[in-house]
Amino acid sequence: MSIKKTISTALLSIALLGPLSPDAIAETKGPTTEQKNELYQQYEIVIESVNQRHPDGELELAPIYAFRDEDWRPVEEFRKIAKKRSTFRIALTSDEKQAVKPEQSSEINVIAYITTDYSQSAERQLCSDTVSVTSESRTKGTWVQKGYTATRIDANQTYEISLGGYYTMDGIVTGHIPTIEFHCGRTGEIR
């Protein structure tokens with residue numbers, strides 16, 4: 001390949017890549033990689049500061065690769081969001097029951113598969129020891145269920161289910177262990 005052809009190919013490549021410069025990308029898709037790294041470092045400081053003032057919030061910053069384009073915002077706006085998240089709670093719901101939703105909360109839908117057995121001594125259906133629980137977010141954020149415990153209470157007429165999981169929204173991750181109860185009616189209906 002001649003030097004003239006190599007130079008023209010290189011110039012053509014540069015001309016084609018020009019519109020993909022970081023500044024051009026920033027105009028159309030948000031901050032550049034360098035700006036994201038700087039913002040992320042400032043977000044770390046914000047999270048640390050909010051956790052010191054509100055230790056029960058236990059906020060964590062999502063990994064930088066998990067941030068969506070809409071999660072990148074000015075530091076002061078991120079600080080306001082982090083302060084709100086420090087008092088954030090999860091409200092559990094199911095198809096049959098709606099939880100009382102605190103002002104700063106997100107709804108997680110709980111699907112519990114509970115079987116019942118007839119008890120001769122109680123003369124009614126009771127919760128068996130077979131239960132399976134899944135859950136999903138009903139709102140903007142992402143919920144990842146990590147596990148659950150299901151405990152029979154009220155003479156096996158009720159399952160108290162505690163979910164363990166993480167909720168991620170706006171680049172902030174919080175851990176939660178909310179609880180919901182499912183009652184077994186006399187004829188075996190779960191409510």
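A nonpolar core is a set of buried Ala, Val, Leu, Ile, Met, Phe, Trp, Tyr and Cys residues joined through side-chain atoms within 4.5 Å. Buried means under 20% relative accessible area, exposed means over 50%, and partly exposed lies in between (1.4 Å probe, protein chains only). The structure is a predicted model, in which local features need pLDDT of at least 70 and side-chain atom pairs count only at pLDDT 80 or more, while totals for chains, interfaces and linings use all residues. Residues are numbered from 1 along each chain as its sequence is written, and side-chain values use heavy atoms, with hydrogens and water left out.

**Figure 1. The protein chain has four helices and eight strands.** Helices (H or I, at least four residues) and strands (E, at least two) are DSSP runs, numbered from the N terminus. Read from that end, the order of elements is α-α-α-β-α-β-β-β-β-β-β-β. Of the 191 residues in the protein chain, 35% are buried. A contact means heavy atoms within 4.5 Å. Taking contacts between residues at least 6 apart in sequence, 51% join residues at least 24 apart. The accessible surface of the protein chain is about 11900 Å², and carbon and sulfur atoms account for 51% of it. Accessible areas come from the Shrake-Rupley method with a 1.4 Å probe; for residues, only the protein chains shown count as cover.

**Figure 2. The largest nonpolar core has 18 residues.** Those that touch the most other members are I90, L92, V110, I161, L163 and Y167. At least two residues of this core come from each of strand 2 (89–93), strand 3 (105–119), strand 4 (124–137), strand 6 and strand 8 (179–183). Strand 6 gives the largest share, five residues. Another core lies apart from this one; it has 17 residues, among them Y43, I47, A62 and A82. In soluble globular proteins, nonpolar side chains tend to be buried together.

**Figure 3. I90 and its contacts.** Which residues does I90 touch, leaving aside its neighbours within four places in sequence? They are S106, I108, W143, Y167, H176 and P178.

**Figure 4. Strand 5 and strand 6 form an antiparallel pair.** Two strands pair if DSSP finds at least two bridges between them. T151 is opposite E160 of strand 6. Four residues lie between the strands of this hairpin, where D154 has a positive phi near 55°.

**Figure 5. Strand 7 pairs with strand 6 and with strand 1.** Strand 6 and strand 7 run antiparallel, joined by five bridges. Y167 faces T174 of strand 7. The hairpin of these strands has two residues between them, and D170 takes a positive phi near 60°. Strand 1 and strand 7 also run antiparallel, with two bridges; here E60 has V173 as its bridge partner in strand 7. Strand 7 is mostly covered, with four of its five residues buried.

**Figure 6. Helix 4 (residues 75–85) has buried residues and exposed ones.** The buried residues are V75, F78, I81, A82 and R85. Why do they lie on the same side of helix 4? They do so because they cover an arc of only 120° around the axis, where the arc is that of the directions from the helix axis to the C-beta atoms. On the other side of helix 4, K80 and K84 are exposed. The cover over the buried residues of helix 4 includes helix 3 (33–53), strand 1 (60–61), strand 6 and strand 7 (172–176).

**Figure 7. Y159 belongs to strand 6.** Is Y159 buried or exposed? Y159 counts as buried because its relative accessibility is 3%. Leaving aside neighbours within four places in sequence, its contacts include I114, C127, A150, I180 and F182. The C-alpha atoms of Y159 and L126 are 10.0 Å apart, although 33 residues separate them along the chain.

Figure 8. A disulfide is a covalent bond between the sulfur atoms of two cysteines. Here it is counted when a pair of cysteine sulfur atoms lies within 2.5 Å, and the structure holds zero. C127 is buried, with a relative accessible area of 3%. C184 is also buried, with a relative accessible area of 3%.
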